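Have the model open as you read.

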Amino acid sequence: MTTTTTATASKPDTPGFHQTSELYQEKVAVSPPTHDGLEFWQFMIAGSIAGSVEHMAMFPVDTLKTRMQAITSSYKTPAITLRQSLGSIMKLEGLGGLYRGIAAMGLGAGPAHAVYFSIYETCKKFLSAGNPNNSMAHAASGVFATVASDAVLTPMDVVKQRLQLKGSPYKGIVDCMKRVAVEEGIGAFYASYRTTVVMNAPFTAVHFATYEAAKRALMEVSPESGGDGDVDETLLVHATAGAASGALAAAVTTPLDVVKTQLQCQGVCGVDRFSSSSISDVIKTILKKDGYGGLIRGWIPRMLFHAPAAAICWSTYESAKSFFQQINGRNGSVN
């Protein structure tokens, strides 16, 4: 039989001890509780890294999508396949054609995703009311996050898409920004903002709700989880849940993405110019020229983009969060 002895430290009844204890309690009391053990700025950095890695890795697929969605004729145009689009770019422009405009996305993706994830985590903390399985809270948090992040990303997304077009007249980011501002006004950078929000609100709601639900389901069957919700989630779980949520959300919102591309590229390289930024007007124009098929142009590269992009984004984001949690844990143990 093993006897366990528990040592209890006595507390000296001295003024100095009570003073130290009171100071310690006051220090603990003023330290704000953190969500997932992280501070707000750490969510921003993790999100910025995740967004940058996601968009840089998948940029060539995004270029193919933009080329397929940018209708360049007032008459019905035959749909081009993904293979035809890729072959045309490689033949006429080379590998560099797939990466034209990547710098603009680099400048926009980092800050936008920093806003995106930090607001998502903050809203999720307050809306979930202590229930980690509240899908409605996840969806609502995603909507709030996308409205804010789109305001940051949209101007650079306009520049990026105009640089991606075949025969783009712009020399680079600065030239594009100057010419758009002078020729079309500052409002041109936000002509598609309403459409982007209308598209990304349901996209993000579906994305986050599906991601959280898929992650919980995978954690239950994952051998690493052991049925314990406190066990560290694996990289494979995040990647798989992210890919499933990204693909589903992309498929549902493709028609609005076509509208967004049309508005952002209007008047450039033969793309139609619209009298207003009304979503319904653009949809009517597309239906008149190309029928319902025109509204799903580029759905294949869009899904091919968002499935792996979401997997990359979520796994990178969760890895960055884990890194900060370890750092905070070491600092806490030292203190």
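Start with the rings: 9 aromatic pairs turn up, where rings of Phe, Tyr and Trp (its six-membered ring) pair if their centres lie within 6.5 Å, and planes under 30 degrees apart count as stacked, over 60 as edge-to-face and the rest as tilted. Take tryptophan 41 and phenylalanine 324: their ring centres sit 5.8 Å apart with the planes at 75°, so this pair is edge-to-face. Tryptophan 41 belongs to helix α2 and phenylalanine 324 to helix α12, so the pair ties together parts 283 residues apart in sequence. Helices here are DSSP runs (H or I, at least four residues), numbered from the N terminus.

A word on where this comes from: the model is predicted, local features need pLDDT of at least 70, side-chain atom pairs count only at pLDDT 80 or more, and totals for chains, interfaces and linings use all residues. Residues are numbered from 1 along each chain as its sequence is written, and side-chain values use heavy atoms, with hydrogens and water left out.

How covered are some of the side chains? Buried means under 20% relative accessible area, exposed over 50%, and partly exposed in between (1.4 Å probe, protein chains only).

| Residue | Relative accessibility | Class |
|---|---|---|
| Tryptophan 41 | 47% | partly exposed |
| Phenylalanine 324 | 11% | buried |
| Aspartate 62 | 8% | buried |

Aspartate 62 sits in helix α3 (residues 59-69). Leaving aside neighbours within four places in sequence, aspartate 62 is in contact (heavy atoms within 4.5 Å) with Lys160, Gln164 and Phe305. Helix α10 (residues 254-264) is mostly covered too, with 10 of its 11 residues buried.

Back to the rings: Tyr116, Phe117, Tyr120, Tyr211, Trp314 and Tyr317 form one aromatic cluster. Phe117, Trp314 and Tyr317 also touch the most other members of the largest nonpolar core, which has 18 residues; such a core is a set of buried Ala, Val, Leu, Ile, Met, Phe, Trp, Tyr and Cys residues joined through side-chain atoms within 4.5 Å. The elements giving it two or more residues are α2 (40-57), α5, α8 and α12 (299-334), and α12 brings the largest share, 6 residues.

What does tyrosine 317 contact, leaving aside its neighbours within four places in sequence? Phe43, Ala46, Gly47, Ala50, Phe117 and Glu121.
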